[in-house]
Amino acid sequence: MKVLAQDIKTGEFKPVYLICGEEAFLKKSYKNRMKDALVGDDTMNFHYFEGKGLDLKEIISLADTMPFFGDRTFVELRGFDVNKCRDERTTALFADIPDWCTVVITLPTGMEPDGRLSFIKQLKSAGKAVNFTAQTGTPLNNWIARRFEANGKRIDRDAVDRLVFLSGDLMN
């Protein structure tokens with residue numbers, strides 16, 4: 001997570017990011033921060049695909065197309081089963097992503113990449129894999145306190161502990 005936060009801060013992005021883990025709130029939050037840093041509100045250079053039946057020709061075309069009145073192109077693939085990618089076209093797509101394009105693959109909660117597969121190794125070598133795990137202890141407690149403060153409320157430490165006990169340690 002710290003590496004991704006540093007990339008967002010410096011504006012130096014890898015060609016591909018594989019975002020996974022059980023913490024859905026953080027996955028969405030960091031993906032949105034990346035999108036804002038790369039293309040902002042520019043809908044011309046933001047492309048979103050969801051589901052298992054992705055059109056690889058269209059994804060390749062969008063990744064290869066230079067950004068329109070912008071510096072970067074942001075392609076998000078959600079629900080893309082990276083563990084089933086074994087064909088040459090898919091591996092070729094992620095082997096040669098242009099400098100102006102960043103592809104983010106967001107895996108649903110419960111779907112983890114199999115690090116033994118050559119495709120996953122290729123993704124990790126070309127970019128970054130970020131696993132968002134459940135926050136516990138002080139980081140989670142501090143986040144809850146900040147959310148209450150943002151809404152003009154206060155919460156004491158015992159109430160935070162009770163809230164985490166009752167609702168679980170996932171931020172969503």
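Met44 sits in the loop that connects α2 (24-38) to β2 (46-50), where helices (H or I, at least four residues) and strands (E, at least two) are DSSP runs numbered from the N terminus. The model is predicted, with local features needing pLDDT of at least 70 and side-chain atom pairs counted only at pLDDT 80 or more, while totals for chains, interfaces and linings use all residues. Residues are numbered from 1 along each chain as its sequence is written, and side-chain values use heavy atoms, with hydrogens and water left out.

Met44 is partly exposed, at a relative accessible area of 48%; here buried means under 20% relative accessible area, exposed over 50%, and partly exposed in between (1.4 Å probe, protein chains only). Together with Phe68 and Phe69, Met44 forms a nonpolar surface patch that has about 400 Å² of accessible area. Such patches are made of residues with over 30% relative accessible area and no salt bridge, in which like charges are joined within 9 Å and nonpolar side chains (Val, Leu, Ile, Met, Phe, Trp, Tyr) within 5 Å. Phe69 is placed in the loop between α3 (56-64) and β3, counts as exposed at 77% relative accessibility, and has a positive phi of about 55° although it is not a glycine.

Strand β3 (residues 73-78) has five of its six residues buried, so it is largely enclosed by the rest of the structure. Five bridges join β2 to β3, and these strands run parallel; two strands are taken to pair if DSSP finds at least two bridges between them. Within this pairing, Phe46 stands opposite Phe74 in β3. Strand β4 (residues 101-106) also runs parallel to β3, to which six bridges join it, and Cys101 in β4 is the bridge partner of Thr73.

| Salt bridge | N to O distance |
|---|---|
| Glu76 – Lys31 | 3.5 Å |
| Glu76 – Arg78 | 3.1 Å |

Glu76 is buried, with a relative accessible area of 1%, and Lys31 likewise counts as buried at 8% relative accessibility, whereas Arg78 counts as partly exposed at 30%.

Helix α5 (residues 118-126) has buried residues at Phe119, Ile120, Gln122 and Leu123. These residues cover an arc of only 160° around the axis, which puts them on the same side of α5, the arc being that of the directions from the helix axis to the C-beta atoms. Ser118 and Ser125 are exposed on the other side of α5.

For the protein chain as a whole, there are seven helices and five strands, and from the N terminus on the elements run α-β-α-β-α-β-α-β-α-β-α-α. The C-alpha atoms fill a box of roughly 55 × 40 × 25 Å, taken along the principal axes, and buried residues make up 41% of the 172 residues. Of the contacts (heavy atoms within 4.5 Å) with a separation of 6 or more, 79% are accounted for by residues 24 or more positions apart.

Terms used
Areas by Shrake-Rupley, 256 points an atom, 1.4 Å probe, with all protein chains shown as cover. Salt bridge = Lys/Arg side-chain N within 4 Å of Asp/Glu carboxyl O.
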